[in-house]
Amino acid sequence: MTTVKPKVIFVLGGPGAGKGTQCQKLVEEFKFKHISAGDLLREERNKPGSEFGELIETHIRNGTIVPVEITCKLIENTIQASNTDVFLIDGFPRNKDNLDGWIREMSDKTDLQFVLFFDCPIEMCVQRCLKRGEAGSGRSDDNIESVRKRIVTFNEDTLPIIRYYEEKNMVKKIDSSKTADEIHNEVRSLMSFLKS
């Protein structure tokens with residue numbers, strides 16, 4: 001008997017591009033499972049006695065990227081514990097090391113559908129993050145210093161990943177400077193074929 005591999009969609013975009021908002025809408029409409037790499041790492045960091053907590057906090061505060069083995073393990077655990085077969089992996093892979101680690105650790109265990117890329121102007125990303133921070137997001141990285149560092153990291157490390165998948169014709173690009181509802185209408189048309 002062959003088991004069906006979980007379907008994965010990588011959701012990428014700069015900080016504040018609307019990844020989390022759109023993933024939430026897709027979860028509500030299609031019952032997909034949203035896995036935010038950042039949220040998994042923040043949860044792990046906050047677990048009392050976590051062997052990775054301090055290391056994760058240092059990376060989050062500095063706007064740098066946590067070692068891929070840790071992130072892949074947390075993602076794999078979440079997939080295995082879930083009862084759905086389509087996963088939106090938000091904010092991952094964020095750099096070449098993430099990509100290599102995913103291919104090494106997870107490519108045989110999952111079926112990558114495509115990369116959903118939310119393309120948003122940098123200044124809009126900054127304003128959205130700062131607004132989110134002012135509204136009490138509870139995120140230690142919703143401040144101007146961290147946001148600027150995260151944008152540099154995105155431009156230097158994540159854009160090459162998007163280009164890598166573009167060469168494989170696996171990127172669906174969305175203009176995320178529009179309203180949340182306009183963006184969602186575009187995104188949902190890409191997803192309808194995945195409904196099981």
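**Briefing: pocket lining, overall fold and selected residues**

By class, the residues that line the largest pocket comprise twelve nonpolar, 19 polar and eleven charged ones. The structure is a predicted model. The largest pocket has a volume of about 880 Å³, and the protein around it is built from eight helices and five strands. The points below treat the pocket, the overall fold, a set of individual residues and the backbone geometry.

**The largest pocket**

- The lining of the largest pocket is made up of 42 residues. Those that lie nearest its centre are Pro 15, Lys 19, Asp 90, Arg 139 and Arg 150.
- Two strands, strand 1 (7–13) and strand 2 (33–36), are among the elements that give two or more residues to this lining. The helices that do so are helix 1 (19–30), helix 2 (37–46), helix 3 (53–62), helix 6 (122–134), helix 7 (144–167) and helix 8 (180–191).
- Helix 2 gives the most to the lining of the largest pocket, namely five residues.

**Overall fold**

- Read from the N terminus, the elements of the protein follow the order β-α-β-α-α-α-β-α-β-α-α-β-α.
- The radius of gyration is 16 Å, close to the 16 Å that the globule rule gives for 196 residues, so the protein is as compact as a globular protein of that length.
- The C-alpha trace spans about 50 × 40 × 30 Å along its principal axes.
- Of the 196 residues, 48% count as buried.
- The accessible surface of the protein comes to about 10,200 Å². Carbon and sulfur atoms account for 49% of that surface.
- Among contacts with a separation of 6 or more, 77% are between residues 24 or more positions apart.

- Ile 56 is found in helix 3. Its relative accessibility is 0%, under the 20% cut-off, and therefore Ile 56 counts as buried.
- Leaving aside neighbours within four places in sequence, Ile 56 is in contact with Leu 41, Glu 44, Arg 45, Val 66 and Ile 70.
- Glu 54 and Glu 44 are ten residues apart along the chain, and their C-alpha atoms are separated by 9.7 Å.

**The loop between helix 3 and helix 4**

- Ile 65 has its place in the loop between helix 3 and helix 4 (68–80). With a relative accessible area of 15%, Ile 65 is buried, because the value falls under 20%.
- Apart from neighbours within four places in sequence, the residues in contact with Ile 65 are His 59, Arg 94, Asn 95, Asn 98, Thr 153 and Asp 157.
- Ile 65 and Gly 38 are 27 residues apart along the chain, with 9.9 Å between their C-alpha atoms.

**Backbone geometry in the loops**

- Most residues other than glycine have a negative phi, and most peptide bonds are trans. The residues in the following points depart from one or the other of these patterns.
- Lys 31 is not a glycine, yet has a positive phi of about 65°. Lys 31 is found in the loop between helix 1 and strand 2. At 59% relative accessibility, over the 50% cut-off, Lys 31 therefore counts as exposed.
- Asn 169, likewise not a glycine, has a positive phi of about 55°. Asn 169 is placed in the loop between helix 7 and strand 5 (171–175). Its relative accessible area is 74%, so Asn 169 is exposed, the cut-off being over 50%.
- The peptide bond from Phe 92 to Pro 93 is cis, with omega near -5°. Pro 93 is found in the loop between strand 3 (86–90) and helix 5 (96–105).

How values were computed. Residues numbered from 1 in each chain as written. Predicted model: local features only at pLDDT ≥ 70, side-chain atom pairs only at ≥ 80, totals over all residues. Heavy atoms only, no water. 1 Å grid on protein atoms, 1.4 Å probe; cavity = no way out; pocket = protein on both sides within 12 Å on 5 of 7 lines; lining within 4 Å. Points joined across faces, edges and corners; volume = space filled by probe spheres on them. Helix = DSSP H or I, 4+ residues; strand = E, 2+ residues; numbered from the N terminus. Nonpolar A, V, L, I, M, F, W, Y, C, P; charged D, E, K, R; others polar. Rg over C-alpha atoms; globule rule 2.2 N^0.38 Å. Buried < 20%, exposed > 50% of the residue type's maximum accessible area, 1.4 Å probe, protein only. Contact = heavy atoms within 4.5 Å. Areas by Shrake-Rupley, 256 points an atom, 1.4 Å probe, with all protein chains shown as cover.
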